[in-house]
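Please open the model in a viewer and keep the sequence panel at hand.

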Amino acid sequence: MEDLKNSFGSGQSIIEKLRNAKLEQEKKIAEEKARAEAEIQRKLEEQAEMQRKAEEEVRRKALAEEEARKQKAAEEERIVNQQLEDSLNSILSKMKQFLEKGDDANPYDIEWCRNEYRIFKGQNPVVESFGLYSQAEQTDENLKKLEKKLKELIELNNIKKDELKKRMVNRIIIIILLIFVSFIFYLYLKKRSATNRIVDKNQNHEKIVDDYNLEKNDSARDEPYIVEEKKAIDIVEPQKEAKPAYVHQSHDNYTFDYSSSSYFYETLNSGTYYYVADNLKKIGGLPWVPKANGYSGVGEYIDLSGPYDEHLKLEFRNGFQNPEHPDYYEKNCRVKKLLVTCSQTGKSKSFELPDTKSRQILDVRSIIPQEPSEKLNLRIEIQSVYKGNKYDDLCIDSIIPNFE
């Protein structure tokens, strides 16, 4: 019995141990599961933190890009605003200049300025959005004044054109009357000359009849009528002196032929104007203007050919010298430096010219032949220019021979 109790006690102890072992194992499993869940939770929190930081970085970059875009847009708006303001101020300044000229203003300049402003307004219809109210309003006001001035000048020009037409018609009528009177006078002289020829013919006929009657009366004397033969006289023409190859002539008779590498022409309402090399023969008329494209005539040249002697110099007048428009000189380009080359000797000489309207003497005696000749070829090449304050056209008033 006692053994049975001990056996039961020991069996109960084993069961208790197994239960405790099971509980211990379940506790360990629960702890392992708790640790695993805690690790998973930690990793999930870390991933969530990393995602939050990534999203925060993306938001920060987006904000930085937006700020940079705004700054760039503001800078572009400032540049456009400055460009528009400069353009408006430039047009406004030109308008003021034309308005200050009054009746001396050129209608073509006013028309050009008006078209330039209209093109500007057409390309930038929202000028007011850039804060240029005062410039735009003042420019619009000046535009109205310019249009009024243009209308007045056009009416004045039309009146002048009508007067010129009337004068031209009167001149044509006077010329036709003069031609008619001259033709009548010519017919009168021709008729009078024919009448005089008839009178002379009748007089000659009467003289022949009188001579015949006199000869008939003289034949009654029975004296022979002797006709003396005239001896032939040898006519010896004086021997002509041989002319030299070149006969020196007066300096007033020296004329050059002019040609150039190119020339410019323009068609206006008043007609077509040709700025050719022959314009260089006279002072104060239309100048010579090369057909330059953006480089103001540098490299263009003028050829002069004609008779000369050892005293030859060139009288040069620079720029566009129009007495009625003295401002044309500054508006267009002038020659600063040129090179003169003689084809007969192959020699060249460079001249640097002051920017003046006065005549300038180019001494080319050192590069031309010393013996006079009927033909001299000179080439004048443009090397540099003084820039015009408005146009890029190079102008030369005149180049004529000088023997001072």
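Helices (H or I, at least four residues) and strands (E, at least two) are taken here as DSSP runs, numbered from the N terminus. On that basis, the protein reads α-α-α-β-β-β-β-β-α-β-β-β-β-β along the sequence, with 4 helices and 10 strands in total. The model is a predicted one.

**The whole chain**

Begin with the entire protein, coloured by secondary structure. Of its 404 residues, 23% count as buried. Among contacts with a separation of 6 or more, 75% are between residues 24 or more positions apart.

**Helix α1**

Select residues 2-101, which make up helix α1, and find Met-95 within this helix. Is Met-95 buried or exposed? Met-95 is buried, its relative accessible area being 0%.

**The open sheet**

Now display the strands β1, β4, β9, β6 and β7. In that order they form an open sheet of 5 strands with antiparallel pairing. Which strands stand at the edges? They are β1 (257-260) and β7 (348-352); each has a single partner strand, so one side of each lacks a neighbour in the sheet. On average, and with direction ignored, neighbouring strands of this sheet are turned by 20° against each other.

Within the sheet, select β6 together with β9. These two strands pair in the antiparallel sense over 8 bridges.

**The largest nonpolar core**

Select Leu-338, Ile-396 and Ile-399 next. Among the 32 residues of the largest nonpolar core, these three touch the most other members. At least two residues of this core come from each of β4 (301-308), β5 (313-318), β6 (334-342), β9 (373-386) and β10 (396-402). The greatest contribution is that of β9, with 5 residues.

Centre the view on Leu-338 and show its surroundings. Leaving aside residues up to four places away in sequence, Leu-338 touches Phe-316, Lys-349, Ser-350, Phe-351, Leu-353, Leu-362, Ile-380, Glu-381 and Gln-383. Another core, of 8 residues, lies apart from the largest one; its members include Leu-84, Ile-91, Cys-113 and Tyr-117.

**Aromatic rings**

How many aromatic pairs does the structure hold? There are 4 aromatic pairs. Select Phe-264 and Tyr-275 to view one of them: the pair is stacked, at 5.9 Å centre to centre and with 20° between the planes. Phe-264 belongs to strand β2 (residues 264-268) and Tyr-275 to strand β3 (residues 271-275), the two residues being 11 residues apart. Phe-264 is partly exposed, with a relative accessible area of 25%, whereas Tyr-275, at 6% relative accessibility, counts as buried.

Move on to Phe-320 and Tyr-328. Why is this pair tilted? The ring centres of Phe-320 and Tyr-328 are 5.2 Å apart and the planes stand at 55°, so the pair counts as tilted. Both residues are buried: Phe-320 has a relative accessible area of 10%, and Tyr-328 one of 18%.

**A charge over a ring**

For the last stop, select Tyr-301 and Arg-379. Arg-379 lies over the face of Tyr-301, 3.8 Å from the ring centre.

Definitions and conventions:
Residues numbered from 1 in each chain as written. Predicted model: local features only at pLDDT ≥ 70, side-chain atom pairs only at ≥ 80, totals over all residues. Heavy atoms only, no water. Core = buried A, V, L, I, M, F, W, Y, C linked by side-chain atoms within 4.5 Å. Buried < 20%, exposed > 50% of the residue type's maximum accessible area, 1.4 Å probe, protein only. Contact = heavy atoms within 4.5 Å. Phe/Tyr/Trp six-rings, centres within 6.5 Å; stacked < 30°, edge-to-face > 60°. Lys NZ or Arg CZ within 6 Å of the ring centre and 35° of its normal. Pairing = 2+ DSSP bridges. Axes fitted to C-alpha atoms, helices over the stretch in contact; angles between N-to-C directions.
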